[in-house]
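Please examine the structure shown below. The paragraphs that follow lead from a pair of helices to a pocket.

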Amino acid sequence: MSDPPSPMAKPATNLTSQTNRMSLGERDPEVLRAVSEALRSAKLAVGHDHNREYVKAIQLYKETIDVLETAVISVPEENQQEMFDLASQYRDRIEVLEKSLYKSSSKTSLKLQTGNSEDIDYFEDVDYTTMPDPPPSQPLFRPFWLMKVLATTMKDGGHLTPKVYVPKAVWYQSGLKIASINTKMASCLAISEALTRLQKIDMKDTDMVLRELDTFCVQIVQIQNSLAKALYFIPESKEEKSEKKEKRFGSAIKKMSVAVSKGMGRVKGRDKLDDASSYTTTLYELFENSQFLGEWLQEEMLDQPASPVTLKLRRASEFFWVVICAFVTRDLSSSLERFLKKGSEQLDRTYR
């Protein structure tokens, strides 16, 4: 990778001299503390810049700009323009670094150029230091936490745990083999539609809330049993249910599965995807739509832990854990394995 122009040490020096000139200690210690923080970030940024650690340098330059722009309104007027100028210099440096990084990724190959249509793009402009929140202590809330973390990896790439990072590209590989892909997608689409209806009901109308939750629970039972026939690790639900409603909803799932299959001309042979973006997008939307259930359950657990509404929400939480999270984490595991295998093959072809 060709290096960007030499990093600029002058802004850090300027900021040092400016801090020394500003007599803010007695007038506003908070502002002085903010400027000192900016100085520290600037020095670290320049250090990473000199060491060619450009992603980290960019992050620290941005932090410096944020601190400067927050503090500038509280400093004497004679210092404000100088702080604006410094922030502008850091922006210019960020632009140089980002252009260089993107140019390098397209020319040289953070995506390794081997002529293979299934080569993987490894470049992601993300903060690798950001960690997810720890899992909730109560199992009821863990599916919603996990779906939120998975959605983050789909959108930007991110950590599942402090030791496991999932690049965004893992979710968008071509040639993935996903078992029962049509049924999974049809089920996710149906759940998303049902969640959209739930979010629109009047929460003050207890009867309506219970009716809609009853309908939702019938749907997820049918989905669970439908997927249990295709996926050995999903348990069949033994709950009592309305046979009429179950047959009607089961028929709808089958029709939706056929529609999904027709719409995905990208499926090559059995369960092999030429483009995984439709599957990933469907999962992402489901994970985003489901977050309100976790918040709702949390409120109900505090107010009425044994109410009919709470019991139905607990059932929904169980479903997301033993069905949705179960098959998605298995799909992610196989996708990660393929991602690493393809990366190893690309390295062998490139550097052999």
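Helix α5 passes helix α9 in a left-handed crossing, a term used when the near helix is turned anticlockwise from the far one by less than a right angle. The model is predicted, so local features need pLDDT of at least 70 and side-chain atom pairs count only at pLDDT 80 or more, whereas totals for chains, interfaces and linings use all residues. Residues are numbered from 1 along each chain as its sequence is written, and side-chain values use heavy atoms, with hydrogens and water left out.

Helices (H or I, at least four residues) and strands (E, at least two) are DSSP runs numbered from the N terminus. The axes of α5 (residues 142–155) and α9 (residues 277–303) come within 9 Å and cross at roughly 145 degrees; such axes are lines fitted to C-alpha atoms, for helices over the stretch in contact, with angles from 0 to 180 degrees between N-to-C directions. In this contact (heavy atoms within 4.5 Å), residues of α5 including Phe144 and Lys148 meet residues of α9, among them Leu283 and Phe287.

Helix α5 also contributes to the largest pocket, with six residues, the largest share of its lining. Among the 26 lining residues, the closest to the centre of this pocket are Asp133, Phe144, Trp145, Lys148 and Val149. At least two lining residues each come from α5, β1 (158–161) and α9. A pocket is an open set of points on a 1 Å grid over the protein atoms alone, where a 1.4 Å probe fits, with protein on both sides within 12 Å along at least five of seven lines; lining residues have an atom within 4 Å of a point.
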